Amino acid sequence: MSRIGKKPVELPSGVEAKVSGQTIEVKGPKGTQSFTATDDVTIVVEDSAVKVTPRGSSKRARQQWGMSRTVVANLVHGVQNTFKKELEIQGVGYRAALQGNNLRLNLGYSHDVDFAIPDGITITCPKPTEIIIEGHDAQQVGQVAANIRDWRRPEPYKGKGIRYKGEYIFMKEGKKK
């Protein structure tokens, strides 16, 4: 049994959910988002709560049960609040700056990296070594943060690179003399 899937997703005041077939559409003060579930689960709206149940006892149905419930919970949170990821840049000369609709990254390459900011995402740089990514879609915010981090992952000897705020990097010892 899925412990996550068993819990219904409560709909706060000001948030509405409509189910048509396998698609759920959630409306809130910040906009509208939708999700189409697989045929392995059933989505029902009852008493200002969304319930997700599996359509069988197969392994795939149980996997989709918990995942679908989490996606619906993220939709409900996203139409009310924003999701946020914070990145830190460490390294001599490494920095980030906004230029129009692009994020310009100086990461020690022979050229600057220009990252186009997708629609629905807001990126701010309060300091040259901090990047804050915000948006209403949890998956998109996480994917944009991962794409930016992929330009220069933290290396294990000096720790230089782009890391999530609070991320621990296991540091290796260098050569012994």
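These legends describe close-up views of strands in a predicted model. Residues are numbered from 1 along each chain as its sequence is written, local features need pLDDT of at least 70, side-chain atom pairs count only at pLDDT 80 or more, and totals for chains, interfaces and linings use all residues. Side-chain values use heavy atoms, with hydrogens and water left out.

View A. Strands are DSSP runs (E, at least two residues), numbered from the N terminus.

**View B. Strand 8 against strand 9.** Five bridges pair strand 8 with strand 9 (residues 102-106) in the antiparallel sense. L98 has L103 of strand 9 as its bridge partner. Two strands count as paired if DSSP finds at least two bridges between them.

**View C. Strand 7 against strand 12.** Strand 7 (residues 83-90) and strand 12 run antiparallel, joined by six bridges. E86 has I132 of strand 12 as its bridge partner. Strand 12 (residues 130-135) is mostly covered, with five of its six residues buried. Buried means under 20% relative accessible area (1.4 Å probe, protein chains only).

**View D. The hairpin of strand 11 and strand 12.** Five residues lie between the two strands. Strand 11 (residues 121-124) runs antiparallel to strand 12, with four bridges joining them. T122 stands opposite E134 of strand 12.

How values were computed
Buried < 20%, exposed > 50% of the residue type's maximum accessible area, 1.4 Å probe, protein only.
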